[in-house]
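Here are some short notes to read beside the model. Please keep the sequence and the 3D view open as you go.

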Amino acid sequence: MKIICIGRNYAKHIEELQNEKPENPVIFLKPDSAVLSKNMPFVIPSFSNNVHYEVEILVKICKVGKHISQKFAPNYYNEIGLGIDFTARDLQNQLREKGLPWEKAKAFDGSALIGNFIQKEKLGDLGNLSFSLQKNKELVQDGNTKAMLWKIDEIIAYVSQFFTLKIGDVIFTGTPAGVGKVNENDILTGILNGKENFQINIR
Ligand code: MG
């Protein structure tokens with residue numbers, strides 16, 4: 001499986017990192033080795049002093065497709081989840097300044113936390129999904145899919161122009177504002193539509 005991530009999909013997060021609003025979705029990939037094993041803590045890697053959490057809505061692909069039109073995009077996913085795109089922000093900023101690819105900062109081992117997936121029918125309107133992240137029981141990120149610049153079906157149409165989507169692939173749809181640093185012994189809790197979806201310890 002592969003992980004396709006969307007960057008800069010929420011206006012307030014673009015502002016907080018002082019990025020420009022892109023004309024098209026920003027896309028990057030994480031390999032399957034980036035997936036954090038279930039029930040394992042996230043270990044801060046030695047190459048970074050500033051790893052950020054980014055809570056994101058996830059979409060799991062259930063059908064092979066390429067050049068998918070927006071209209072038919074819902075046929076390609078049945079389940080929605082919640083996860084964290086862990087980002088070595090210090091390294092990402094260095095790479096960005098040099099115009100280099102982001103993989104070392106975004107695609108390292110354990111950088112993709114994938115929480116529980118839920119049948120999309122059980123979630124109601126996917127254009128109005130609330131989700132949040134708590135750090136040590138304090139709210140740090142609070143998002144809603146209605147604030148996405150590119151909605152789930154638009155993302156699928158766009159990315160499938162470049163990459164064949166395969167069964168089991170996961171799309172990270174971008175993070176809302178409130179990203180911040182993780183520290184040893186933090187506990188991060190992800191909440192989707194009012195229900196706890198995952199909890200992760202930082203080591
Ligand atoms: Mg992200």
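1. Is glutamate 54 buried or exposed? Glutamate 54 counts as buried, because its relative accessibility is 4%. Buried means under 20% relative accessible area, exposed over 50%, and partly exposed in between (1.4 Å probe, protein chains only).

2. A word on the source. This is a predicted model: local features need pLDDT of at least 70, side-chain atom pairs count only at pLDDT 80 or more, and totals for chains, interfaces and linings use all residues. Residues are numbered from 1 along each chain as its sequence is written, and side-chain values use heavy atoms, with hydrogens and water left out.

3. Now the metal. Glu54 (OE), Glu56 (OE) and Asp85 (OD) coordinate the magnesium ion at 2.0 to 2.1 Å. Donors are N, O and S atoms within 2.8 Å of the metal (3.2 Å for Na, K and Ca); water is not among the atoms, so sites may look incomplete. The donor spacing in sequence is E-x1-E-x28-D. Glutamate 56 is buried too, at a relative accessible area of 1%.

4. Next, strand β13 (residues 187–192). Five of its six residues are buried. Strands (E, at least two residues) are DSSP runs, numbered from the N terminus.

5. β13 has an antiparallel pairing with strand β9 (residues 130–135), over five bridges. Two strands pair if DSSP finds at least two bridges between them. Lysine 135 has leucine 188 in β13 as its bridge partner.

6. β13 also pairs with strand β14 (residues 195–201), antiparallel, over six bridges. Isoleucine 187 has asparagine 201 in β14 as its bridge partner. β13 and β14 form a hairpin with two residues between them. In the turn, asparagine 193 has a positive phi of about 50°.

Technical notes
Helices (H or I, at least four residues) and strands (E, at least two) are DSSP runs, numbered from the N terminus.
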